[in-house]
Amino acid sequence: MLTVKLNQDTGLKVHLRPTNSDCSMVKFASEVSDFSAKKGELFFWPKENSESVLLAGLGELSELKLDDLRTLAFKIVKELVSHKVKEASVKLPELELDAEQALAAFFEGLIHSDYKFNKGTKDKKEQEITINVETEVADAEKVLEEVQNVMEGVFLARDLTNLTSNEMHPADLANCAKEKLEPLGVKVTILNEEEMLEKGMEAAYSVGKGSSFRPQFVVLEYNGDDSTKERTALVGKAICYDSGGYSLKPTSGMITMQADMGGAASVIGAFLALAKNKVKANVIGTFAPVENLVSGTSYRVGDIIGSMSGQTIEVENTDAEGRVTLADAIYYATSQDNVTRVIDIATLTGACVSALGTEFTGAITNNQEFYDEFIEAADLAGEKVWQLPISDDFKKANKSKVADFTNSAGFGGGTITAGLFVGEFLADKDLPWIHLDVAGTAYLGKPCGYLPERATGVHVKAFYNLLAK
């Protein structure tokens, strides 16, 4: 008999073991004839003197996707909890999906149901529930452990993003990365503002210099495969609070701006997942934790500032700050030896939310082969990404008359021009590069399926899938 506990400090436990006849049963549509079995449909059938049964619909098996299993597993736990069930047994039926991937998706959905961010509220005792999963997958133990570690990375990214700005200043984010990752073998280097300026990081420093909580720069290094010199760079936007600076946001626009470091949080979460699962890959991560505030020392509209690349930036809008910090972060990452490809991830533009809502991440790339590899990893994770077009005219919009580039290209195609601005600071313009705008997908105003209200930890899973395959 095998027993594997999940998240021992929380209310949900997942076990791999033969079905226990003394607890509630979850039965799928293929096992029950008198049930409409629509995808995601649930029906709870209590019995007075014996086990209760929860019927779960799968719909047409030929149309069932891995993400449907995640959602269904999530709903199963919520339904059982609502009926105060303390223990239930489940066995996945034979599906037209890869058995190991299906089991992993089901485990993931169960784990998603266990996420809670209770900071700032009085702790409430949660109902404990045990799910016994019967499976014929030979490496089920390994599958569960891998999924648990990946979801720990997702949950870390969510927690970091959900913490309010009075609890997550630039140094806090940097130190948290160090505390969480160094015990796992990740090298974490933190640069203070003096060291940033010595390296020429005027762009990132300028955005953060108006705050009493001083700018930081963080470098993560995970070397899991000494048989290759290939190394992927992950670069995150890390604005711990964004008031808009002198281009001040309205109150409604500031209320969730502690989440403007969601890109960096996903980078940290991905490193945790990679390191805990000892993935054979080499990865460097960079981000510049800063706060964009108003003071006598803040950078101003009209300033012309330098960058680590030597290129200059005209500041036409201090609220277009994320791309300015990314200029130094992506240049640093891509100027390092053996970096062979790079992805940056940022809660960058409101234009992306206008175009794609909260369901799709916007993406641009200079290398279709690399993008196709990434989108395969994102699809496996159930994370939706939409590729946007690029053109020379979009690139020209970032040109300035008084500096190399302007940080505000004006109206029209704002997600694309912002991404292309970041691309101008690649140390090698031919390096395969993907830009991800997660302004709509990193933080939700209401729950969506198995994703919670507030932070989602988006693309931790996609990064992991890309690097672990």
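Let's start with Lys84: its relative accessible area is 65%, so this residue counts as exposed, the mark for that being over 50%. Keep in mind that the model you're looking at is a predicted one.

- Some background first: most residues other than glycine have a negative phi.
- Lys84 isn't a glycine, yet its phi is positive, at about 60 degrees.
- You'll find Lys84 in the loop that sits between helix 1 (66-82) and strand 5.
- Arg454 isn't a glycine either, and its phi is positive too, at about 80 degrees.
- Arg454 belongs to strand 21.
- With a relative accessibility of 29%, Arg454 is classed as partly exposed, because that label covers values between 20% and 50%.

**Helix 9**

- Helix 9 takes in residues 322-334, which makes 13 residues.
- How far apart are its end C-alpha atoms? They are 18 Å apart, and that agrees with the 18 Å the helix should span at 1.5 Å a residue.
- This helix is mostly covered, with twelve of its 13 residues buried.

**Strand 2 and its partners**

- Strand 2 covers residues 24-28 and is mostly covered, since four of its five residues come out as buried, meaning under 20% relative accessible area.
- Which way do strand 2 and strand 5 (residues 87-91) run? They run parallel, and three bridges join them.
- One of the pairings with strand 5 puts Ser24 together with Ala88.
- Strand 2 also pairs with strand 4 (residues 53-56), again in the parallel sense, over four bridges.
- On that side, Phe28 stands opposite Ala56.

**His459**

- His459 sits in a loop, with strand 21 (454-455) on one side and helix 14 (460-468) on the other.
- Is His459 buried or exposed? Its relative accessible area is 0%, so His459 is buried.
- What does His459 touch, leaving aside its neighbours within four places in sequence? Its contacts are Ile345, Thr361, Phe374, Glu383, Val385, Leu436 and Val438.

Notes
Residues are numbered from 1 along each chain as its sequence is written. This is a predicted model: local features need pLDDT of at least 70, side-chain atom pairs count only at pLDDT 80 or more; totals for chains, interfaces and linings use all residues. Side-chain values use heavy atoms; hydrogens and water are left out. Helices (H or I, at least four residues) and strands (E, at least two) are DSSP runs, numbered from the N terminus. The expected span of a helix is 1.5 Å times one less than its number of residues. Buried means under 20% relative accessible area, exposed over 50%, partly exposed in between (1.4 Å probe, protein chains only). Two strands pair if DSSP finds at least two bridges between them. Contact means heavy atoms within 4.5 Å.
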